[in-house]
Amino acid sequence: MEMSMLLQTVPKQENYTQNRAGELYPKQSSSQCGIITELSRIFAHLATMVTQQGKLAIRIDGNMDESLVDVEGACSALLQHLARITSNRWLMIKIFAVIILFLIVFLFFVA
């Protein structure tokens with residue numbers, strides 16, 4: 001008697017586990033589809049961000065090249081200005097020397 005009851009409960013339990021497993025698989029596959037869809041959206045967003053970062057890096061590199069050209073141009077302009085100033089310095093010294101000479105001549109011979 002006990003054995004027959006055990007045999008009856010075992011199929012019921014197997015039936016129950018099979019029903020539960022059957023109920024879980026569709027939910028699990030639909031949730032996996034949702035996860036896969038979400039992951040594909042995340043990876044698509046990541047791909048766009050990587051593309052934007054690549055474009056930004058290229059633009060930064062271009063700006064750095066332009067800045068380097070501008071700095072080199074400014075450096076050459078400063079060197080030209082320095083050369084002009086040093087040549088003008090000797091001119092200013094000559095002019096002051098002539099003015100001082102005229103002042104000395106004027107003070108000693110005219111005054």
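Predicted model: local features only at pLDDT ≥ 70, side-chain atom pairs only at ≥ 80, totals over all residues.
Housekeeping, then. Local features here need pLDDT of at least 70, side-chain atom pairs count only at pLDDT 80 or more, and totals for chains, interfaces and linings use all residues. Residues are numbered from 1 along each chain as its sequence is written, and side-chain values use heavy atoms, with hydrogens and water left out.

Okay, the fold. Helix α1 covers residues 2-110.

How much of the protein is buried? Of its 111 residues, 0% count as buried; that label means under 20% relative accessible area, with exposed over 50% and partly exposed in between (1.4 Å probe, protein chains only). The protein exposes about 10400 Å², and carbon and sulfur atoms supply 71% of that. Areas are Shrake-Rupley with a 1.4 Å probe, and for residues only the protein chains shown count as cover.

Now charges. The count is one salt bridge, meaning a side-chain nitrogen of Lys or Arg within 4 Å of a carboxyl oxygen of Asp or Glu. Arg41 and Glu38 make that contact at 3.2 Å, N to O. Both sit in helix α1, three residues apart, about one turn of the helix. Glu38 is partly exposed, at 38% relative accessible area.

Last stop: Glu66, also in helix α1. Is Glu66 buried or exposed? Exposed, because its relative accessibility is 53%.

Key. Helix = DSSP H or I, 4+ residues; strand = E, 2+ residues; numbered from the N terminus.
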